[in-house]
Amino acid sequence: MNIFVEKIFQGPTDGLILHYCGKRIRNLSHSFGPYNQDTFLLYYIAEGSAIAQINGKNQEISAKGFFVNFPNSGNVYQSKAGVPWTIKWIVAEGEMLEKHLSRIGITRETPYIPLQDGQQIEQLFDSMFEHFDKNSLSDKFYCISLLYRLFSLLTPKVEKTEVKNAYVEQAYLLMEKNYSNPDFNVATLSQMLGLHFNYFSVLFKKETGITPIQAINDCRMVNAGKMLKFTDRPIKEIAADCGFTDEFYFSRVFKKHFSQSPRAYRKSEEYIT
């Protein structure tokens with residue numbers, strides 16, 4: 001199944017302005033970006049995971065997470081090949097929107113938050129979709145009210161995860177800085193953060209839904225993909241620059257991640273351009 005549906009909003013345009021809402025259901029491979037629109041793109045990730053490039057840095061975004069593409073942010077993402085990817089979104093604009101988001105800790109620097117329980121937020125997105133293209137003024141105001149309801153639901157989620165997310169955010173920054181080092185692993189990463197190996201591993205998995213070693217490998221694979229697609233450097237050099245001392249082992253890991261060999265991937269148009 002590969003479903004994409006989007007609706008256009010025709011209603012009040014004062015304050016917060018709604019433009020579109022939509023959903024993409026169980027896509028097995030999807031890429032998006034760079035985002036260069038003047039609107040805010042608000043996502044609820046219902047299923048799957050992707051690597052997003054946010055402010056030039058790679059970050060995992062995954063199920064039960066909320067993500068915002070800010071206007072002209074240039075962010076891109078690539079879902080994991082072969083893994084069902086289901087997202088729901090709202091496109092909106094308004095002078096107060098960025099201020100409202102910043103009040104609950106969602107900014108251009110930190111546009112993604114994992115949620116412990118996203119059921120109510122997913123139901124809100126579904127309700128928005130149901131009423132979005134109805135003609136009554138009541139439905140139009142209801143959709144706008146749902147946007148404020150979304151901020152209300154997100155507020156306690158951010159408060160509960162703020163401290164833990166600081167460690168996770170720092171971990172992703174360290175991965176991006178050190179992925180080329182073949183000796184960089186979960187043990188060295190936890191030491192850099194000043195956390196016990198087991199505590200960090202459990203914390204990271206709880207907050208992101210994946211293990212730290214998976215995140216490190218994802219970081220290496222995404223950077224390898226960019227080098228393959230946008231340069232003509234030999235695969236052996238790219239492998240070394242991504243922390244692999246063995247080109248053949250790199251190829252096996254790459255194929256497992258992207259369902260293609262490095263050479264086939266370089267020839268394809270699958271990656272974001």
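This is a predicted model: local features need pLDDT of at least 70, side-chain atom pairs count only at pLDDT 80 or more; totals for chains, interfaces and linings use all residues.
This note walks through a few features of the structure, point by point, for someone meeting it for the first time.

1. A word on the model.

2. Two other strands pair with β4. With β9, residues 85-93, β4 runs antiparallel and is joined by 7 bridges. With β7, residues 65-69, the pairing is again in the antiparallel sense, over 5 bridges.

3. I45 has I87 as its bridge partner in β9. Y44 stands opposite F66 in β7.

4. Next, the charged pairs. Side chains of opposite charge can pair when their charged atoms come close. The structure holds 7 salt bridges. One of them ties R26 to E47, with the closest N and O atoms 2.5 Å apart. This pair links distant parts of the chain, since R26 sits in strand β2 (residues 17-27) and E47 in strand β4, 21 residues apart. R26 counts as partly exposed because its relative accessibility is 33%, and E47 counts as partly exposed at 25%.

5. A second salt bridge joins D126 and K88, where the closest N and O atoms are 2.7 Å apart. Here too distant parts of the chain are linked: D126 belongs to helix α2 (residues 119-131) and K88 to strand β9, 38 residues apart. Is K88 buried or exposed? K88 is buried, because its relative accessible area is 10% and the cut-off for buried is under 20%. D126, at 33% relative accessibility, counts as partly exposed. The pair also belongs to a network of salt bridges that links K88, E122 and D126.

6. A further salt bridge to look up is the one between R233 and D241, whose closest N and O atoms are 2.4 Å apart. R233 has 25% relative accessibility and counts as partly exposed; D241, at 32%, counts as partly exposed as well.

7. A search of the whole structure finds 4 cavities of 30 Å³ or more, and the largest cavity holds about 50 Å³ of space. Which elements each supply at least two residues of its lining? They are β6 (57-62), α3 (137-178) and α6 (212-230). Among the residues that line the largest cavity are N58, Y172, M175, D218 and C219. The lining divides into 6 nonpolar, 2 polar and 3 charged residues.

8. Finally, the cysteines. How many disulfides does a search of the whole structure find? The search finds 0 disulfides. C21 is in no disulfide, and the nearest cysteine sulfur, that of C143, is 7.1 Å away. C21 counts as buried because its relative accessibility is 2%. C242 is likewise in no disulfide, with the nearest cysteine sulfur, that of C219, 8.4 Å away. At 0% relative accessibility, C242 counts as buried.

Notes
Residues are numbered from 1 along each chain as its sequence is written. Side-chain values use heavy atoms; hydrogens and water are left out. Two strands pair if DSSP finds at least two bridges between them. Helices (H or I, at least four residues) and strands (E, at least two) are DSSP runs, numbered from the N terminus. A salt bridge is a side-chain nitrogen of Lys or Arg within 4 Å of a carboxyl oxygen of Asp or Glu. Buried means under 20% relative accessible area, exposed over 50%, partly exposed in between (1.4 Å probe, protein chains only). On a 1 Å grid over the protein atoms alone, a cavity is a set of points where a 1.4 Å probe fits but cannot get out, and a pocket is an open set with protein on both sides within 12 Å along at least five of seven lines; lining residues have an atom within 4 Å of a point. Grid points are joined across faces, edges and corners, and a volume is the space filled by probe spheres set on the points. Ala, Val, Leu, Ile, Met, Phe, Trp, Tyr, Cys and Pro count as nonpolar, Asp, Glu, Lys and Arg as charged, and the others, Gly among them, as polar. A disulfide is a pair of cysteine sulfur atoms within 2.5 Å.
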